[in-house]
Amino acid sequence: MLSKAPAMQIRACSSALSRGTAKPKSQLISKSQTAMKISARQSAGPTASRTYKSTFTTMFGSSGPLQTPAKGTRYRRLKNSNTIVAKREVESEKIDAKVRDGVLDALNDLGSRVTVGDVAAKAGLKVETAEEGLRAVAADTQANIQVSEEGDVVYVFPEDPKAVLAAKSFAIRMAPLLAKMKSAGGYLMRVTFGTTLLVSVLVVYTAIFAILSSSRSSNSDDRGSSFNSGPRIGFYFNPFDMFWFYDPYYYQRRREEMQQGGGRQMNFLEAVFSFVFGDGDPNVALEEQKWLALGDLIASKGGVITAEQLAPYADDPHTLFHDSERYVDESFVVPILQRFGGVPEVDADGNLLYRFPQLQRSAGGYIGNKDTQDGNYLMESPWAFSGASTGQLMAVVALGMANLIGVGYLASLVANPSIVTKLVKGGYAPLVQFSYSILPPLKLYALSFFIIPIVRFLVNLRRNSSINKRNDQRRDAALVVVGDNPAVKKRLLSASQAAERKVIRESDATYNTADSVDSQDVEGREFDRRLRELEQESERDRRRRGGF
C-alpha cells in the first residue's frame, strides 16, 4: 500500500506545481513536501510521512521536476518525429474490477467530493482497499486532493469519472462486454440441457417408429411397397428455436422477480432447467449485502458501536452467547474491525466500545442508509426447489417420464435378437447401429433428468435447516439490541455519546492541488510544526490503546 501512495500524491502535487506561478524552487519544494506529509499522515503515520518527503525530494530536485518516468512506464515515438515520450499506464486496470466498480458506484451516489471513509462505508469495502481504489481512479481521472489542517484527505473527482476511465482504457471499456459474454456462455450450457429434452424425445420416438416400421416391412413380400405405403409422420425441430428463449441474466433476473413477488411466468424451456438445476444460489450476494449493511450501520451510528449492534451480522451466529451483561466471546467483531479500520476502546464506566475513525470523516456528510436501524439483522434466503409454477413442473415431469419410458422401450427393441435379425436381413443395419450408438447418452440424460433434482432436493433440505437456524440466532441477537437489558442500554447510550461526525468542507482545506502554490494559506514552517504535533499525538494514542 505504501509503495503506491507517493506516486499518486506526487502526480497531484506535480500538476499543481506546473500551474503555479514562478517562485524560488526551494520554497516550492518545501510547501509541496509539507502538503505531501499531511496527506500521507492519515493512512500511514509519521514513518510514511518521512518516506514521502524523501521520495518527493528525489523526484523534485533543485532543478525542478525530473523527467524520469516511474518503473514500468511504456514508451512511444511521436509520429514524424524522433522524440520518444513516456506512455502512462492506466492505474485503474491494475486493481480488482469489483473494487473499481464499487468505488465508481460510490462516487456516482455520493458525489465528486469523498473521503476514504465515505467510499468504504458506501461500497462496503475494506478501508485499505477503498483507499487503493480511490488513488488509482484519482490518478487516472486527474482528480484534485484537498488536505485539511488536521491531515484529513478529500478526493475531488471530475464529473462522470466512469466515462473518463472508459475513454482512457480499452480494457475497462470492454469489461461489460466480456462480463456479458461470460454470462452468456454459462447460460447456454444450462439452457442446452433443457432443450436437449425436446431433442431426446424426438430422437427416441423417431427411432422407435423407424424400427417398428422397418420390422413390419421386413415380414412383407414387398418390403419397399409396404414401407412406403405406411403412414408418414413428419418431424421438424429447429435447434435455433432455443435462442428465442435466450437470456444471459436468467438467474439474476429470476432472483429479482422472486424477491419482488411477481414478474412474468417462466416459459417451458426455463421451467425445464429450473426443474433440473433450480434457480441458483439465492444468497450469492449475501456477503456483499452484509458489508454494505455494516458500513451503513456504522456510519449511521457516528462511527462508534457496540458488539450487540454488530452481532446480528455475524458470519457464524452459533458462537453468540449473551449473558446478563455482555457477549462472552466478542471475537466475531474482529473481521469487521479489520475491514473498516476499527479499534476497541473502553469508556469511563468500563464498557467496551468499537470506534471506526475513518468512517467518522466525511466530505459530504454521508450518514449511512436512513433505513438502517437497530433490530435489523442479516437474513439468508432458503433454497427453493424451483421457481416454476405447479402446472409447468407437472408438464416437465410428464415429458421427462415420456422420455425415460421411450428410452427404455428403445433399449428393449434393440436388445431383442429377432427384431435385430429382421432389420439386418431387411437392409436396415445402419438403423440398428445408429440406435446402439445413441442409447448410452440417451440413458444417461433420461436418468440424470430425475436423479439431479432428487439429490438437489435432499441437499436443499439440509441447507435450509442450517439457514433457518442461523436466521433464528441472528434474530435473537437483534432482539438483544432492542430489548430491556439495562447493561445493554447503558452501553448503547455510551456509544451514542462517544460518536462523532466530522464533515470536511472545502473551506477547511489548507492545501488544494487545484490551487496554485502561492495561493495556499499555510506557510511551510507552520505546516511542519502542526504536522509534528499531530504525529506526536498519534503516537501517544497508539501507545495508550496498546498498539491496536
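A salt bridge is taken here as a side-chain nitrogen of Lys or Arg within 4 Å of a carboxyl oxygen of Asp or Glu. By this criterion, E150, D152, R361 and K502 are linked in a network of salt bridges in the model. The model is a predicted one. A search of the whole structure returns 16 salt bridges. Side chains of opposite charge can pair when their charged atoms come close.

E131 and R135 are four residues apart in helix 5, and so about one helical turn separates them. E131 is buried. R135 is buried as well. In helix 16 (residues 429-481), D472 and R475 are three residues apart, which again places about one helical turn between them. Their side chains form a salt bridge at 2.9 Å, N to O. D472 has a relative accessibility of 35% and therefore counts as partly exposed. R475, at 35%, also counts as partly exposed.

Another salt bridge joins K489 to D484. The closest N and O atoms of this pair are 3.7 Å apart. The relative accessibility of K489 is 45%, so K489 counts as partly exposed. D484 reaches 65% and therefore counts as exposed.

Helix 5 (residues 127-141) also packs against helix 3 (residues 97-110). The two axes come within 9 Å and cross at roughly 75°. Helix 3 and helix 5 are therefore roughly perpendicular to each other. On the side of helix 3, the contact is made by V99, V103, L104 and L107. Helix 5 contributes T129, A130, G133, L134 and V137. By class, this contact has seven nonpolar and two polar residues. No charged residues take part.

Turning to the strands, three of them form an open sheet in the order 8-10-9. The pairing is antiparallel. Strand 8 (304-305) and strand 9 (343-346) stand at the edges. Each has a single partner strand, so one side of each lacks a neighbour in the sheet. Strand 8 pairs with strand 10 (residues 352-355) over two bridges, in the antiparallel sense. Within strand 10, Y354 stands opposite I305. Helix 17 (residues 486-498) lies across strand 8 and strand 10. Relative to strand 10, helix 17 runs at about 35°.

Methods:
Residues numbered from 1 in each chain as written. Predicted model: local features only at pLDDT ≥ 70, side-chain atom pairs only at ≥ 80, totals over all residues. Heavy atoms only, no water. Axes fitted to C-alpha atoms, helices over the stretch in contact; angles between N-to-C directions. Parallel < 35°, antiparallel > 145°, perpendicular 65-115°, else oblique. Contact = heavy atoms within 4.5 Å. Nonpolar A, V, L, I, M, F, W, Y, C, P; charged D, E, K, R; others polar. Pairing = 2+ DSSP bridges. Buried < 20%, exposed > 50% of the residue type's maximum accessible area, 1.4 Å probe, protein only.
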